[in-house]
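My plan is to look up a few spots and jot down what I find.

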Amino acid sequence: MKISLSIFGFMIVLLATVSVAWPSSNSIRANTVSLNIQDATTGQSIPSTMHGVILETNINRGDDGGLYAELIYNRAFQERSRSLDGWASYGSGSINLVTDQPLSSALPAQLKFSLASTSTAVAGFMNFGFNGMKVEAQTYNSSFFYKPLAGASVAGGKLTIGLKDSNSQITYGSATVDVSSVAAGSWVNFISLIVVPSAAPSAKNYFFVEFPAGSKGDFEFNLISCLPPTYNGRINGARKDIAQAFADLKPGFIRLPGGNDLEGPSIPERFIWNETLGPLQSRPGRRGSWIGYNTEGFGIIELMTFAEDIGASPVLAVYAGYSLNGSSVPKDELQPYIDEVINEIDFLTAPAIGNRMGALRAHFGRSEPFVIKYVEIGNEDWFSPGGTYSYRWPAFYNALSQRFPNITFIATANGNFKTPPAQDDHDYQVPQFFIQNFRRYETVSRTGPKVLIGEFSVVNDDDAHMNNPLESDRLLYPSVRSAVAESVYRIGFERNSDIVIGGCYAPVLENHNYVQWTPNLILFNTSMVVRSTSYLAQQIIGQNLGNLYLNSTASNGTIAHEKVQRGEEGDGKLGNLYFVATKNTGSNTLIIKFANVDPNDITVNTQIQGSSASSTGTIYILSAGSGVDPATVFNTLETPNAASIKTAPVSVSNGQLSVTIPSWGVAVVTVPL
């Protein structure tokens, strides 16, 4: 049937054959395929940005409670419109939320701990973290701001902070903090190290602040923090295991701060870059677009530094005058928002000497400019009522492109304006959509905009829901079937690398205890990280990236290689087998990528034309396994390794090799030439 489907703002027309079962083999499929590859040293290049990631802040608590390593939940009492959520007292003390004489204008509420009379035993308060705390044998950095009120006293002048099990039976590590010199009514910051010699057996632990017996009075606290060692040892940095999962993808780019949270629930609650700078007590944070409150502890400098740490080129998303409540900045009021973006890009990219914003960046500890090649103006602006992007894009683009001519600017919607340099496509769909749209970017005009596929994923494994994939029967986790279908789409990206900047699965992060959207690429809780089937597929595809596209043709006897035409059967696909051949010219390595959506295994006999190479290569395979329905295999917290990457050697003789691609499998072959 012919359907017209709006893919998040960019209209396409396609012929769709909806199937609720595995795709059947068609009349030209055979179980054995002949593949010819033309080796080359020049030709269509493949950008390093081809396979990337998005850091969509806030959703599923992907940053606070996730990538951001902070263990303390509600550390500045901003959650739930200012509250003590996540905090509790013990012993004879009590806690209340107060706003008198705050720590800063950015953090206007604080916890008051009260001992109405002299305590006869220890008393204090505790925080349970983001559904627990993983306690390992390492040193934790803890800090807090403290203010005693008039008449208050701490027996012996020392507090104890530390980490305990949920039954309060085991103290895994602690530190004493001498507060004896603090004058009544004065805020003082204390920084301590908590050494934990032995790991806790579970994440059912809490952080505590404890007063000795004999203490009395009222005491106030704010910005109570506890961080484990972070990725690359960054101050105020990333949780190591989640960051490593990002890095292991070897992403070519990272889109940040990505998604709806850039726009915010309202215009005042948008991502305001300069309110994410400097000391944490100066960062007011803002209401999250999906859940809770954004502390902005992982601010713009932390985000950009993280991009560098994982080797990804940033695709910087900037606010473009539209927020999620449907409000758009009027045309005649845009200039301050344009200036805000100019200052942001200057801050990140200008030299530290001779530029006001560059000097400000150096003041905050980063003298070297960040390298930014791509800037996306807005996010999903097709949602804006009245098509306001038609005046917002030109206003932003004209000013920014003149100021920053070496940056490629990306539009997020169509509009009544001149063709943009690049556009962002978003696709949340069923497997058959991605399979049937394998050639989507072959039909895109080469004189038109470049394309970033800034968000895509299979969200529903039932192909019958192609017209409404988000409405019902959503996947909780990526399956092997969904991962293979997405890989078909990715192979199409590489084949069209002259027009495609790159693509990334979305969303990436899911704290399993705080879920607003499924499925996601990386699943985690307090204790562990799970790499989904879609993650594994991207990993073998992205880690093995060529920089040169090679012509290749497939045949099974019904068509000769020399008869294969560009865009026709045998070019990029043959029946239910999809493929691309590329070359890493630096290492002189041939890379062949396959996605098989057939119910049968397919053997591929490959000839590298004009090559007499004899060597041993490697094949990386993701599949559900023989006879297993790929729609039933997921990596979860309970079954984190239900699917995994299998590797095997591949023998190459006189430029010939043979591999078998399993049914509903993804395979990547690397061969030294």
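Before anything else, a term I need: a residue counts as buried when its relative accessible area is under 20%. I also note that this is a predicted model.

**Entry: strand β36**

I started with β36, which covers residues 665-672. Is it mostly covered or mostly open? It is mostly covered, as seven of its eight residues are buried.

Next I looked up its partners. A reminder to myself: strands of a sheet pair through backbone hydrogen bonds, either parallel or antiparallel. Strand β31 (residues 589-596) pairs with β36 in the antiparallel sense, and I have eight bridges down for that pairing.

**Entry: a four-strand sheet**

In what order do the strands of this open sheet run? I read β28-β3-β32-β35, with mixed pairing. The edges are β28 (552-555) and β35 (656-661), each of which pairs on one side only. On average, neighbouring strands here are turned by 25 degrees against each other, ignoring direction.

I then checked the β35 end. Strand β32 (residues 602-609) pairs with β35 in the antiparallel sense, over six bridges. Within that pairing, Thr 603 has Thr 660 in β35 as its bridge partner.

**Entry: Asp 461**

This residue sits in the loop between β22 (450-458) and α9 (480-495). Buried or exposed? Asp 461 counts as buried, because its relative accessibility is 15% and the cut-off is under 20%.

What does its side chain hold on to? I found a polar contact at 2.7 Å with the side chain of Ser 479. Leaving out residues up to four places away in sequence, I listed what Asp 461 touches: Pro 431, Leu 475, Ser 479, Arg 481, Ser 482 and Ala 631.

**Entry: helices α5 and α6**

Last, a helix pair. Helix α5 (residues 335-349) packs against helix α6 (residues 356-363) at an angle of about 60 degrees, and their axes are 7 Å apart. That angle is why I call α5 oblique to α6. The crossing of α5 and α6 is right-handed.

Which residues meet? From α5 I wrote down Asn 343, Asp 346, Phe 347, Leu 348 and Thr 349. On the α6 side they meet Arg 356, Met 357, Gly 358, Leu 360 and Arg 361.

Definitions and conventions:
Residues numbered from 1 in each chain as written. Predicted model: local features only at pLDDT ≥ 70, side-chain atom pairs only at ≥ 80, totals over all residues. Heavy atoms only, no water. Buried < 20%, exposed > 50% of the residue type's maximum accessible area, 1.4 Å probe, protein only. Helix = DSSP H or I, 4+ residues; strand = E, 2+ residues; numbered from the N terminus. Pairing = 2+ DSSP bridges. Polar contact = N/O pair within 3.5 Å; in protein donor to acceptor, adjacent residues only side chain to side chain. Contact = heavy atoms within 4.5 Å. Axes fitted to C-alpha atoms, helices over the stretch in contact; angles between N-to-C directions. Parallel < 35°, antiparallel > 145°, perpendicular 65-115°, else oblique. Left-handed = near helix turned anticlockwise from the far one by under 90°.
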